[in-house]
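Here is a short report for a first look at this structure. Please keep the sequence and the 3D view side by side while you read.

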Amino acid sequence: MAGNVILILGGTREAIEIACDLEQIENTTVITSLAGVTRSPRLPKGKVRYGGFGGKDGLFDYLIWEKITLVIDATHPFAEKITKNAYEASKRANIPCLHFSRKPWEKTAQDKWYEVENSKAAASTLTQKDFECVKNVFLTIGRQDVNCFYSINTKQFFVRSIEPVKELGCFENMKWIQGRGPFAFQDEYTFFKEHSIDCLVAKNSGGYASHPKIDVARFIGVPVVLVQQPKSINIKQIYDRESLTAFVSHHLSG
Ligand code: NAP
C-alpha cells in the first residue's frame, strides 16, 4: 500500500464516524480493525479486518507488515487490553498513536448514583441494605461480566446486550434482552415502566448513544450502580473529531 496507512481500532460508533472522515484524505488508506465478537457488526468505510492480533507482539508485527503510519485507538473506554497493546506496540514501532475516547458522564444533583470500580463491586453493592427492596434490575454492562451477578437470586435481572448470553438460560431470574444503541429516551422509559425497573446497573461509557437510560433513571428516581471507566494509561487522549483531524493532518506525510 502506498501513501499513508491509518489503522483504526474499532468496535464503536465513533470508530465508524472517524473512518468516514479520514477516508476523504488523499493518498491515505484507512483500515478498521474489529475484534470479531459481534456477528453482524456495523461496517465502516474503507478496509476492514477482523479478529485479535495475538497480543501486543502480534499487533507490532501487523503494524510493520502493513506499513501502518498512524494508529487511532477508537475502541470502547472499557476495552482496556487492546488500548494497552496499541500503546505498547505503536511505541515499539515508533508510530504515532492516540486514544479517541469518550468523557465519562458527570453526576447531577438529581442522580442517585452508586459509583463502583468494577462489575464485581457492582454486584456486591446490590447485596447491601440500601438495595434490599430492589426487585427488578436492568443490567446493561454487556456480556463479559454478567457472571458476577449469578449468585444474586433474590432479584429479577433484565440483561441487555447485542449478542445473547447463553448461560442465562440456567437462571430463572435472568432474562436476556437483545439491544444495540443508540437508544431513545421514550423507548428506555417504556422499558423501565413495563418491567417495573427499580435499579439500573451500567458502565459509565460516556457518549450519547447509551445515555438515555441514565436520563430515565434520573427522571423516575431509580438508583444507578455505575461502573467507573478504567484508569487511562499514558496514551494521548482526544475527545472530539476536530482535534483528531488536526492530529492526523499533523502526522500524515504528503
Ligand atoms: P479488550 O478486553 O480490550 O480486548 C480483548 C482482546 O480482543 C484484545 O487483546 C485483542 O486480542 C482483541 N481486540 C479487542 N478489540 C479489538 C479490535 N478492535 N481489533 C482487533 N482485536 C481486538 O476488549 P473487549 O472489552 O473484549 O472489547 C472487544 C471489542 O468490543 C472492542 O473492539 C471494543 O471496542 C468493543 N466494545 C467493547 C465494549 C466493552 O464494554 N468492553 C463495549 C462496546 C464495544 P489480541 O490480544 O489477540 O490482539
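Just after α3, asparagine 94 has a positive phi of about 60 degrees. Helices (DSSP runs of H or I, at least four residues) and strands (runs of E, at least two) are numbered from the N terminus.

This is a predicted model, where local features need pLDDT of at least 70, side-chain atom pairs count only at pLDDT 80 or more, and totals for chains, interfaces and linings use all residues. Residues are numbered from 1 along each chain as its sequence is written.

## Helix α3

How far apart are the end C-alpha atoms of α3? They are 19 Å apart. That agrees with the 18 Å that its 13 residues should span at 1.5 Å a residue. The expected span is 1.5 Å times one less than the number of residues.

Thr83, Asn85, Ala86, Tyr87, Ala89 and Ser90 of α3 are buried. Buried means 20 or more other C-beta atoms within 10 Å of the residue's own, with C-beta atoms placed from the backbone. These buried residues pack against β1 (4-9), α2, β4 (70-73) and β5 (97-100). Two residues are in contact if their C-beta atoms, placed from the backbone, lie within 7 Å.

## Around the ligand

The ligand is surrounded by 24 residues. Gly11, Gly52, Thr75, His76 and Ala79 are the closest. A residue counts as near if its C-beta atom, placed from the backbone, lies within 6 Å. Two or more shell residues come from each of β2 (28-34), α2 (55-65) and α3 (80-92). With 4 residues, α3 gives the most.

The shell has 9 nonpolar, 12 polar and 3 charged residues. Nonpolar covers Ala, Val, Leu, Ile, Met, Phe, Trp, Tyr, Cys and Pro; charged covers Asp, Glu, Lys and Arg; the others, Gly among them, are polar.

## Two domains

The domain assignment gives domain 1 (4-101 + 232-251) and domain 2 (113-227). Such bounds come from an automatic or database assignment. The domain centres, taken over C-alpha atoms, are 30 Å apart.

In domain 1, 6 residues are in contact with 6 residues of domain 2. That side of domain 1 has 2 nonpolar, 2 polar and 2 charged residues.

## The whole chain

The chain has 7 helices and 12 strands. Its radius of gyration is 20 Å, close to the 18 Å that the globule rule gives for 254 residues, so the chain is as compact as a globular protein of that length. The radius is taken over C-alpha atoms; the rule is 2.2 Å times the number of residues to the power 0.38.

Buried residues make up 33% of the 254.

Technical notes
Buried ≥ 20, exposed ≤ 12 C-beta atoms within 10 Å, placed from the backbone.
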